[in-house]
Amino acid sequence: MGETRRCPYCAEEIAVEAIRCRRCRSRLSVIDARGWHRDQPGRRIAGVAVAVARSLALPVGAVRAAFVLATFFHMLGPVVYLALGLTIPFRAEGDALLDGVIAEARALAARLWDGPGGAPNAPWNGPQ
Ligand SMILES: [Zn+2]
């Protein structure tokens, strides 16, 4: 076992990175950044529910049920799922899908705008 700290609620020794105390089940941190990626065991479609559940220390079934329930409120479930799927990176150290799309759009805009001669003083080239 690695480094430990003391639970502020029951004084039990717990792992430094713990989200919940194993003895009193008190929540010690809101978000676990290590779970914020979609490539995890138990993923079904894009891994969004697993990533959200692991990051917030919630049951995966409850998160999936929340997405399904949100579908009945103005189709919010699929919209939020898609938005999170675009912004949560697939791998722990990877970029999100949206980062790649933005980089491609920037490159395309630069090519279209600059043309064959280029635009040396364009604002997106940064300060001269
Ligand atoms: Zn505790």
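**Entry 1: what the helices touch with.** I looked up which residues make the contact. From α1 I listed V48, A49, V50, V52 and A53; on the side of α2 they meet V60, V63, R64 and F67. I sorted this set by type and got eight nonpolar residues, one charged and no polar.

**Entry 2: the model itself.** The model is predicted, and I checked its confidence next. I read a mean pLDDT of 85 for the protein chain, with 88% of the residues at 70 or more. Among the elements, α2 has the highest mean, 95, and the lowest, 86, belongs to helix α4, residues 97-114.

**Entry 3: the chain as a whole.** I counted four helices and two strands. Going along the sequence, I wrote the order as β-β-α-α-α-α. The chain has 128 residues, and I found 24% of them to count as buried. I also looked at contacts with a sequence separation of 6 or more: 26% of these join residues 24 or more positions apart.

**Entry 4: V16.** I then went to the loop between β2 and α1, where V16 sits. Is V16 buried, partly exposed or exposed? I have it as partly exposed, because its relative accessibility is 37%. Setting aside neighbours within four places in sequence, I found V16 in contact with E3, T4 and R5. For one of these, E3, I noted the spacing: E3 and V16 are 13 residues apart in sequence, and their C-alpha atoms are 5.8 Å apart.

**Entry 5: S26.** I stayed in the loop that runs between β2 (13-15) and α1 (48-56), which also holds S26. I marked S26 as buried, because its relative accessibility is 17% and the cut-off for buried is under 20%. Which residues does S26 contact, beyond its neighbours within four places in sequence? I listed Y9, I19, R20 and C21.

Methods. Residues numbered from 1 in each chain as written. Predicted model: local features only at pLDDT ≥ 70, side-chain atom pairs only at ≥ 80, totals over all residues. Heavy atoms only, no water. Buried < 20%, exposed > 50% of the residue type's maximum accessible area, 1.4 Å probe, protein only. Contact = heavy atoms within 4.5 Å. Nonpolar A, V, L, I, M, F, W, Y, C, P; charged D, E, K, R; others polar. pLDDT = per-residue confidence, 0-100.
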